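Please look through the model shown below with its aromatic residues, its ligand and a few individual side chains in mind. The paragraphs that follow take these topics in turn.

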Amino acid sequence: MTDRAYAWFEQKQRERGINLDEVKAALKALAIETPSWGYADQGTRFKTFHYRGAARTPFEKIDDAAVVHACTGACPAVAIHIPWDRTDNYAELRAYAESKGLRIGAVNPNLFQEPEYMHGSVTNGNAAVRRKATDHLLECVDIAKTVGSGALSLWFADGTNYPGQAPIRQRVIWMRECLQEVYAKLDPGMRMLIEYKFYEPAFYHTDLADWGMAYNMAGKLGPQAEVLVDTGHHAQGANIEHIVAYLLGEKKLGGFHFNSRKYGDDDLIVGSMNPYELFLIFYQIVDALRDRDAGVRKQAADIAYMIDQSHNIEEKVPAMIRSVLNVQTQFAKALLVNPEEVRLAQERQDVLGAEHAVRSAFEQDVGPLLAAFREANGLPADPMQAFYDSGYLDKLRARG
Ligand code: PSV
Ligand code: MN
(Lines give C-alpha, C1' and ligand atoms only; values in the text may rest on other atoms or scores of the structure.)
(Ligands and ions follow the chains in the order given, each with its own letter.)
Protein backbone atom coordinates (compact mmCIF):
# COMPACT_ATOMS: atom_id res chain seq x y z
CA MET A 1 0.00 0.00 0.00
CA THR A 2 2.80 2.39 0.97
CA ASP A 3 4.69 1.52 -2.22
CA ARG A 4 1.60 2.10 -4.34
CA ALA A 5 0.85 5.38 -2.62
CA TYR A 6 4.43 6.52 -3.20
CA ALA A 7 4.41 5.40 -6.85
CA TRP A 8 1.24 7.44 -7.38
CA PHE A 9 2.75 10.45 -5.61
CA GLU A 10 5.94 10.18 -7.68
CA GLN A 11 4.01 10.10 -10.93
CA LYS A 12 1.90 13.07 -9.92
CA GLN A 13 4.94 15.15 -9.00
CA ARG A 14 6.63 14.23 -12.27
CA GLU A 15 3.59 15.59 -14.06
CA ARG A 16 3.82 18.76 -11.94
CA GLY A 17 7.47 19.16 -13.00
CA ILE A 18 9.00 18.47 -9.57
CA ASN A 19 12.43 16.90 -9.14
CA LEU A 20 12.01 14.55 -6.18
CA ASP A 21 15.75 13.98 -5.77
CA GLU A 22 16.14 17.65 -4.94
CA VAL A 23 13.20 17.46 -2.56
CA LYS A 24 14.71 14.50 -0.71
CA ALA A 25 18.13 16.16 -0.49
CA ALA A 26 16.54 19.26 1.05
CA LEU A 27 14.55 17.15 3.51
CA LYS A 28 17.73 15.38 4.55
CA ALA A 29 19.41 18.71 5.26
CA LEU A 30 16.61 19.94 7.53
CA ALA A 31 17.76 19.88 11.16
CA ILE A 32 15.44 21.15 13.88
CA GLU A 33 16.80 21.88 17.33
CA THR A 34 14.53 21.07 20.25
CA PRO A 35 14.43 23.14 23.46
CA SER A 36 15.41 21.56 26.77
CA TRP A 37 12.57 23.49 28.45
CA GLY A 38 9.98 21.79 26.27
CA TYR A 39 10.66 18.52 28.12
CA ALA A 40 10.18 19.96 31.59
CA ASP A 41 7.10 21.02 33.50
CA GLN A 42 5.85 24.35 32.24
CA GLY A 43 2.81 26.37 33.10
CA THR A 44 0.96 29.59 32.77
CA ARG A 45 0.86 32.37 35.34
CA PHE A 46 -2.16 30.57 36.79
CA LYS A 47 -0.74 27.11 37.35
CA THR A 48 2.06 24.76 36.47
CA PHE A 49 0.52 21.29 36.36
CA HIS A 50 2.95 18.51 37.12
CA TYR A 51 3.14 16.04 34.27
CA ARG A 52 4.21 12.50 35.23
CA GLY A 53 7.38 11.90 33.27
CA ALA A 54 8.46 15.50 32.77
CA ALA A 55 12.24 15.84 32.71
CA ARG A 56 13.69 17.17 35.96
CA THR A 57 17.36 17.66 35.15
CA PRO A 58 19.37 18.76 32.11
CA PHE A 59 20.41 15.13 31.69
CA GLU A 60 16.82 13.86 31.57
CA LYS A 61 16.02 16.59 29.05
CA ILE A 62 18.87 15.31 26.87
CA ASP A 63 17.52 11.74 27.25
CA ASP A 64 14.14 12.92 25.94
CA ALA A 65 15.66 14.96 23.12
CA ALA A 66 17.64 11.87 22.07
CA VAL A 67 14.40 9.88 21.81
CA VAL A 68 12.85 12.59 19.63
CA HIS A 69 15.93 12.42 17.41
CA ALA A 70 15.85 8.61 17.28
CA CYS A 71 12.22 8.67 16.13
CA THR A 72 12.49 11.53 13.63
CA GLY A 73 16.15 11.62 12.59
CA ALA A 74 15.76 15.39 12.32
CA CYS A 75 16.69 16.77 15.74
CA PRO A 76 20.42 16.39 16.34
CA ALA A 77 20.73 19.32 18.77
CA VAL A 78 19.14 20.48 21.99
CA ALA A 79 19.03 24.12 23.07
CA ILE A 80 19.73 24.99 26.69
CA HIS A 81 18.50 27.83 28.89
CA ILE A 82 20.70 29.18 31.68
CA PRO A 83 20.01 28.99 34.63
CA TRP A 84 17.25 26.43 33.96
CA ASP A 85 19.97 24.03 32.79
CA ARG A 86 22.71 25.20 35.09
CA THR A 87 25.24 22.54 36.09
CA ASP A 88 28.66 22.77 37.66
CA ASN A 89 30.26 20.86 34.80
CA TYR A 90 29.28 21.90 31.26
CA ALA A 91 31.95 19.70 29.69
CA GLU A 92 30.15 16.74 31.29
CA LEU A 93 26.82 17.97 29.85
CA ARG A 94 28.38 18.16 26.42
CA ALA A 95 29.89 14.69 26.75
CA TYR A 96 26.54 13.31 27.91
CA ALA A 97 24.76 14.83 24.90
CA GLU A 98 27.40 13.44 22.57
CA SER A 99 27.10 10.00 24.14
CA LYS A 100 23.41 10.15 23.15
CA GLY A 101 24.22 11.18 19.57
CA LEU A 102 23.28 14.82 20.14
CA ARG A 103 25.05 18.14 20.34
CA ILE A 104 24.19 21.15 22.46
CA GLY A 105 22.58 23.82 20.34
CA ALA A 106 21.84 27.44 21.11
CA VAL A 107 22.63 28.75 24.57
CA ASN A 108 19.79 30.94 25.84
CA PRO A 109 20.63 33.33 28.66
CA ASN A 110 17.84 34.17 31.05
CA LEU A 111 17.52 37.85 31.95
CA PHE A 112 13.97 37.81 33.25
CA GLN A 113 13.88 35.82 36.46
CA GLU A 114 16.11 37.60 38.94
CA PRO A 115 14.45 40.17 41.24
CA GLU A 116 16.91 42.84 40.05
CA TYR A 117 15.39 42.69 36.55
CA MET A 118 12.01 44.08 37.56
CA HIS A 119 12.80 47.31 35.68
CA GLY A 120 14.86 45.73 32.94
CA SER A 121 18.17 43.92 32.49
CA VAL A 122 20.49 45.41 29.86
CA THR A 123 18.26 48.50 29.69
CA ASN A 124 17.93 49.02 33.42
CA GLY A 125 18.52 52.58 34.65
CA ASN A 126 20.77 51.16 37.36
CA ALA A 127 24.30 50.55 36.02
CA ALA A 128 24.93 47.75 38.54
CA VAL A 129 21.97 45.78 37.17
CA ARG A 130 23.16 46.32 33.60
CA ARG A 131 26.56 45.02 34.71
CA LYS A 132 25.01 41.92 36.25
CA ALA A 133 23.02 41.27 33.05
CA THR A 134 26.10 41.77 30.86
CA ASP A 135 28.11 39.41 33.07
CA HIS A 136 25.44 36.75 32.70
CA LEU A 137 25.58 37.11 28.91
CA LEU A 138 29.37 36.81 29.01
CA GLU A 139 29.04 33.71 31.20
CA CYS A 140 26.74 32.25 28.55
CA VAL A 141 29.31 32.93 25.83
CA ASP A 142 31.80 30.92 27.89
CA ILE A 143 29.25 28.15 28.39
CA ALA A 144 28.59 28.10 24.64
CA LYS A 145 32.31 27.68 24.00
CA THR A 146 32.55 24.83 26.53
CA VAL A 147 29.54 22.91 25.24
CA GLY A 148 30.57 23.45 21.60
CA SER A 149 27.55 25.55 20.72
CA GLY A 150 27.63 27.84 17.73
CA ALA A 151 24.91 30.24 18.89
CA LEU A 152 24.03 32.61 21.67
CA SER A 153 20.29 33.20 21.40
CA LEU A 154 19.05 36.39 23.03
CA TRP A 155 15.60 37.43 24.08
CA PHE A 156 14.98 40.36 26.40
CA ALA A 157 11.86 40.77 28.50
CA ASP A 158 12.88 44.42 28.95
CA GLY A 159 10.18 47.01 28.56
CA THR A 160 7.83 49.27 30.48
CA ASN A 161 4.21 49.18 31.53
CA TYR A 162 3.39 52.89 31.51
CA PRO A 163 4.18 55.99 29.45
CA GLY A 164 7.03 57.96 30.94
CA GLN A 165 8.21 55.05 33.07
CA ALA A 166 11.72 55.04 31.55
CA PRO A 167 13.75 56.84 28.85
CA ILE A 168 13.12 54.80 25.70
CA ARG A 169 15.95 56.17 23.49
CA GLN A 170 18.49 55.89 26.28
CA ARG A 171 17.57 52.27 26.86
CA VAL A 172 18.42 51.48 23.24
CA ILE A 173 21.91 52.89 23.84
CA TRP A 174 22.35 50.91 27.06
CA MET A 175 21.33 47.71 25.32
CA ARG A 176 23.70 48.37 22.43
CA GLU A 177 26.63 49.07 24.74
CA CYS A 178 26.02 45.84 26.58
CA LEU A 179 25.65 43.77 23.42
CA GLN A 180 28.79 45.28 21.90
CA GLU A 181 30.75 44.01 24.87
CA VAL A 182 29.23 40.54 24.50
CA TYR A 183 29.64 40.49 20.72
CA ALA A 184 33.36 41.17 21.12
CA LYS A 185 33.70 37.92 23.09
CA LEU A 186 32.18 35.67 20.39
CA ASP A 187 34.45 33.23 18.62
CA PRO A 188 34.67 33.95 14.87
CA GLY A 189 32.21 31.21 13.84
CA MET A 190 29.63 31.96 16.54
CA ARG A 191 26.28 33.61 15.88
CA MET A 192 24.41 36.02 18.09
CA LEU A 193 20.70 35.55 17.41
CA ILE A 194 18.49 38.47 18.43
CA GLU A 195 14.83 37.70 19.07
CA TYR A 196 12.04 40.25 19.26
CA LYS A 197 8.57 40.16 20.79
CA PHE A 198 6.02 42.92 20.77
CA TYR A 199 4.64 42.54 24.29
CA GLU A 200 4.70 40.38 27.41
CA PRO A 201 5.82 40.60 30.13
CA ALA A 202 5.93 44.36 29.41
CA PHE A 203 2.60 45.75 28.28
CA TYR A 204 3.31 49.32 27.19
CA HIS A 205 6.61 49.19 25.32
CA THR A 206 9.14 46.41 24.78
CA ASP A 207 12.71 47.45 23.98
CA LEU A 208 13.06 45.00 21.07
CA ALA A 209 9.47 44.92 19.94
CA ASP A 210 9.72 43.94 16.30
CA TRP A 211 11.97 42.62 13.54
CA GLY A 212 13.02 46.14 12.52
CA MET A 213 14.45 46.91 15.96
CA ALA A 214 16.18 43.53 16.11
CA TYR A 215 17.51 44.03 12.58
CA ASN A 216 18.83 47.48 13.40
CA MET A 217 20.54 46.22 16.55
CA ALA A 218 22.06 43.26 14.68
CA GLY A 219 23.29 45.56 11.92
CA LYS A 220 25.00 47.85 14.43
CA LEU A 221 26.73 44.92 16.10
CA GLY A 222 28.17 43.23 13.03
CA PRO A 223 27.89 40.24 10.68
CA GLN A 224 27.74 37.61 13.42
CA ALA A 225 24.56 39.16 14.82
CA GLU A 226 21.36 38.10 13.10
CA VAL A 227 17.62 38.23 13.67
CA LEU A 228 15.67 35.34 15.13
CA VAL A 229 11.99 35.07 14.24
CA ASP A 230 9.78 33.46 16.87
CA THR A 231 6.53 32.72 15.07
CA GLY A 232 4.50 33.46 18.21
CA HIS A 233 5.87 36.98 18.70
CA HIS A 234 3.78 39.02 16.29
CA ALA A 235 0.54 40.92 16.42
CA GLN A 236 -2.54 39.23 15.00
CA GLY A 237 -2.52 39.28 11.24
CA ALA A 238 1.19 40.13 10.85
CA ASN A 239 2.59 38.79 7.59
CA ILE A 240 5.44 36.71 9.01
CA GLU A 241 6.50 35.28 5.66
CA HIS A 242 7.02 38.81 4.38
CA ILE A 243 9.35 39.50 7.32
CA VAL A 244 11.16 36.25 6.54
CA ALA A 245 11.58 37.14 2.87
CA TYR A 246 12.81 40.63 3.72
CA LEU A 247 15.36 39.43 6.26
CA LEU A 248 16.61 36.76 3.86
CA GLY A 249 17.07 39.40 1.17
CA GLU A 250 19.12 41.42 3.66
CA LYS A 251 21.09 38.28 4.66
CA LYS A 252 20.14 38.82 8.28
CA LEU A 253 17.76 35.99 9.06
CA GLY A 254 19.62 33.80 11.54
CA GLY A 255 17.04 31.49 13.03
CA PHE A 256 13.54 30.54 13.98
CA HIS A 257 11.70 29.67 17.10
CA PHE A 258 8.75 27.66 15.85
CA ASN A 259 5.54 27.39 17.79
CA SER A 260 1.92 28.14 17.11
CA ARG A 261 -0.44 30.76 18.47
CA LYS A 262 -4.09 31.65 18.41
CA TYR A 263 -4.07 34.82 20.51
CA GLY A 264 -0.77 35.79 22.13
CA ASP A 265 2.54 34.01 22.66
CA ASP A 266 0.69 30.74 23.19
CA ASP A 267 3.55 28.28 22.62
CA LEU A 268 1.24 25.68 21.08
CA ILE A 269 2.43 22.80 18.92
CA VAL A 270 3.95 24.11 15.67
CA GLY A 271 1.52 24.14 12.78
CA SER A 272 -1.45 23.25 14.97
CA MET A 273 -3.31 26.54 14.44
CA ASN A 274 -2.30 27.80 11.00
CA PRO A 275 -0.35 25.27 8.93
CA TYR A 276 -0.73 27.42 5.81
CA GLU A 277 1.25 30.20 7.49
CA LEU A 278 4.06 27.76 8.23
CA PHE A 279 3.95 26.53 4.63
CA LEU A 280 4.17 30.12 3.32
CA ILE A 281 7.16 30.79 5.57
CA PHE A 282 8.87 27.75 4.08
CA TYR A 283 7.85 28.79 0.59
CA GLN A 284 9.88 31.99 1.08
CA ILE A 285 12.82 30.01 2.44
CA VAL A 286 12.75 27.51 -0.42
CA ASP A 287 12.54 30.42 -2.84
CA ALA A 288 15.63 31.96 -1.20
CA LEU A 289 17.46 28.62 -1.42
CA ARG A 290 17.12 29.03 -5.21
CA ASP A 291 18.07 32.72 -5.33
CA ARG A 292 20.48 33.99 -7.98
CA ASP A 293 22.57 35.60 -5.21
CA ALA A 294 24.84 33.00 -3.58
CA GLY A 295 24.80 35.05 -0.35
CA VAL A 296 21.02 34.75 -0.08
CA ARG A 297 21.22 31.02 -0.83
CA LYS A 298 23.83 30.56 1.90
CA GLN A 299 21.80 32.59 4.40
CA ALA A 300 18.73 30.42 3.74
CA ALA A 301 20.77 27.21 3.95
CA ASP A 302 22.30 28.25 7.28
CA ILE A 303 19.05 29.12 9.09
CA ALA A 304 19.03 27.72 12.63
CA TYR A 305 15.64 26.02 13.02
CA MET A 306 14.52 25.63 16.58
CA ILE A 307 11.33 24.76 18.34
CA ASP A 308 10.40 27.00 21.26
CA GLN A 309 7.39 25.57 23.00
CA SER A 310 6.41 25.16 26.57
CA HIS A 311 3.94 22.32 26.80
CA ASN A 312 1.48 23.12 29.53
CA ILE A 313 -0.97 20.23 29.24
CA GLU A 314 0.58 18.07 26.52
CA GLU A 315 2.66 14.94 26.96
CA LYS A 316 6.07 16.49 26.42
CA VAL A 317 7.94 14.03 24.19
CA PRO A 318 5.11 13.17 21.77
CA ALA A 319 4.22 16.89 21.62
CA MET A 320 7.76 17.57 20.47
CA ILE A 321 7.64 14.77 17.92
CA ARG A 322 4.32 16.12 16.60
CA SER A 323 5.89 19.56 16.21
CA VAL A 324 8.88 18.22 14.33
CA LEU A 325 6.65 16.21 12.00
CA ASN A 326 4.49 19.25 11.34
CA VAL A 327 7.57 21.29 10.42
CA GLN A 328 8.80 18.56 8.07
CA THR A 329 5.37 18.31 6.44
CA GLN A 330 5.12 22.00 5.61
CA PHE A 331 8.74 22.13 4.46
CA ALA A 332 8.11 19.15 2.16
CA LYS A 333 5.03 20.85 0.73
CA ALA A 334 6.94 24.08 0.12
CA LEU A 335 9.52 22.05 -1.82
CA LEU A 336 6.70 20.98 -4.14
CA VAL A 337 6.11 24.50 -5.42
CA ASN A 338 7.22 24.54 -9.04
CA PRO A 339 9.41 27.69 -9.27
CA GLU A 340 9.15 27.79 -13.04
CA GLU A 341 5.36 27.77 -12.88
CA VAL A 342 5.46 30.66 -10.40
CA ARG A 343 7.99 32.57 -12.50
CA LEU A 344 5.99 32.26 -15.70
CA ALA A 345 2.79 33.32 -13.95
CA GLN A 346 4.58 36.31 -12.45
CA GLU A 347 5.95 37.24 -15.86
CA ARG A 348 2.43 37.17 -17.32
CA GLN A 349 1.24 39.11 -14.26
CA ASP A 350 -1.21 36.27 -13.83
CA VAL A 351 -2.35 36.72 -10.26
CA LEU A 352 -4.53 33.63 -10.07
CA GLY A 353 -1.99 31.47 -11.87
CA ALA A 354 0.76 32.45 -9.44
CA GLU A 355 -1.45 31.92 -6.42
CA HIS A 356 -2.45 28.53 -7.80
CA ALA A 357 1.16 27.51 -8.31
CA VAL A 358 1.87 28.16 -4.63
CA ARG A 359 -1.39 26.86 -3.10
CA SER A 360 -1.50 23.68 -5.19
CA ALA A 361 1.75 22.57 -3.51
CA PHE A 362 0.14 23.02 -0.09
CA GLU A 363 -2.71 20.81 -1.24
CA GLN A 364 -0.41 17.86 -2.07
CA ASP A 365 -0.43 14.89 0.31
CA VAL A 366 3.20 14.47 1.33
CA GLY A 367 2.49 11.50 3.63
CA PRO A 368 3.77 8.88 1.13
CA LEU A 369 6.85 10.99 0.36
CA LEU A 370 7.81 11.39 4.02
CA ALA A 371 7.18 7.73 4.82
CA ALA A 372 9.34 6.62 1.87
CA PHE A 373 12.02 9.20 2.72
CA ARG A 374 12.19 8.03 6.33
CA GLU A 375 12.39 4.37 5.43
CA ALA A 376 15.13 5.06 2.90
CA ASN A 377 17.07 6.74 5.70
CA GLY A 378 16.64 3.89 8.19
CA LEU A 379 13.95 5.70 10.18
CA PRO A 380 10.48 4.59 11.19
CA ALA A 381 7.93 5.50 8.51
CA ASP A 382 5.60 6.68 11.29
CA PRO A 383 7.75 8.28 14.01
CA MET A 384 4.83 8.93 16.35
CA GLN A 385 3.70 5.30 16.24
CA ALA A 386 7.31 4.20 16.71
CA PHE A 387 7.49 6.35 19.83
CA TYR A 388 4.32 4.84 21.32
CA ASP A 389 5.54 1.33 20.42
CA SER A 390 8.96 1.94 21.99
CA GLY A 391 7.71 1.76 25.59
CA TYR A 392 9.49 5.02 26.40
CA LEU A 393 6.30 6.53 27.82
CA ASP A 394 6.27 3.84 30.53
CA LYS A 395 9.88 4.65 31.35
CA LEU A 396 8.99 8.32 31.57
CA ARG A 397 6.10 7.65 33.90
CA ALA A 398 8.47 5.83 36.21
CA ARG A 399 10.12 9.23 36.83
CA GLY A 400 7.05 10.12 38.82
C1 PSV B 1 10.10 34.42 25.12
O2 PSV B 1 8.72 34.38 25.06
C3 PSV B 1 10.73 33.23 24.47
O4 PSV B 1 10.21 33.04 23.19
C5 PSV B 1 12.23 33.33 24.42
O6 PSV B 1 12.76 32.67 23.32
C7 PSV B 1 12.64 32.63 25.66
O8 PSV B 1 13.96 32.23 25.68
C9 PSV B 1 11.67 31.48 25.67
O10 PSV B 1 10.45 32.06 25.20
C11 PSV B 1 11.47 30.86 27.01
O12 PSV B 1 10.41 29.96 26.99
MN1 MN C 1 11.32 32.24 21.53
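Ring pairs link Phe256, Phe258, Phe282, Tyr305 and Phe331 into a cluster, where rings of Phe, Tyr and Trp (its six-membered ring) pair if their centres lie within 6.5 Å, and a pair counts as stacked with planes under 30 degrees apart, as edge-to-face with planes over 60 degrees apart and otherwise as tilted. This is a predicted model, in which local features need pLDDT of at least 70 and side-chain atom pairs count only at pLDDT 80 or more, while totals for chains, interfaces and linings use all residues. Residues are numbered from 1 along each chain as its sequence is written, chains are lettered from A and ligands numbered from 1 in the order in which they are written, and side-chain values use heavy atoms, with hydrogens and water left out.

The structure holds 21 aromatic pairs. One of them is the stacked pair of Phe256 and Phe258, with 4.9 Å from centre to centre and 15° between the planes. Phe256 counts as buried because its relative accessibility is 0%, given that buried means under 20% relative accessible area, exposed over 50% and partly exposed in between (1.4 Å probe, protein chains only); Phe258 is likewise buried, at 0%. Phe256 also forms a stacked pair with Tyr305, at 6.0 Å centre to centre and 5° between the planes. This second pair links distant parts of the chain, since Phe256 belongs to strand E9 (residues 253-258) and Tyr305 to strand E10 (residues 304-307), 49 residues apart; helices (H or I, at least four residues) and strands (E, at least two) are DSSP runs numbered from the N terminus. Tyr305, at 8% relative accessibility, counts as buried.

We turn next to the ligand. Around ligand 1 stand Trp37, His81, Trp84, Trp155, Glu195, Lys197, Asp230, His233, His257, Asp265 and Asp308, a residue being near a molecule if one of its heavy atoms lies within 4 Å of it. Asp230 places a polar side-chain atom 3.1 Å from an oxygen atom of ligand 1, and an N or O atom in the side chain of His233 is 3.1 Å from an oxygen atom of the ligand. For Asp265, the distance from a polar side-chain atom to an oxygen atom of ligand 1 is 3.0 Å. The protein covers 91% of the 310 Å² of accessible area that ligand 1 has on its own, with areas taken from the Shrake-Rupley method with a 1.4 Å probe, where for residues only the protein chains shown count as cover.

Lys197, one of the residues around ligand 1, is found in the loop between strand E6 (191-195) and strand E7 (205-206), and with a relative accessible area of 6% Lys197 is buried. Its side chain makes a polar contact of 2.8 Å with the side chain of Asp265 and another of 3.1 Å with that of Glu200; a polar contact is a pair of N or O atoms within 3.5 Å, of which, within protein, one must be able to donate a hydrogen and the other to accept it, and residues adjacent in sequence count only if both atoms are side-chain atoms.

Elsewhere, Thr34 lies in strand E1 (residues 32-35) and is buried, with a relative accessible area of 1%. In contrast, Tyr162, in the loop between strand E5 (159-160) and helix H6 (168-183), is exposed, with a relative accessible area of 57%. Tyr162 and Glu340 are 178 residues apart in sequence and 51 Å apart in space, C-alpha to C-alpha.
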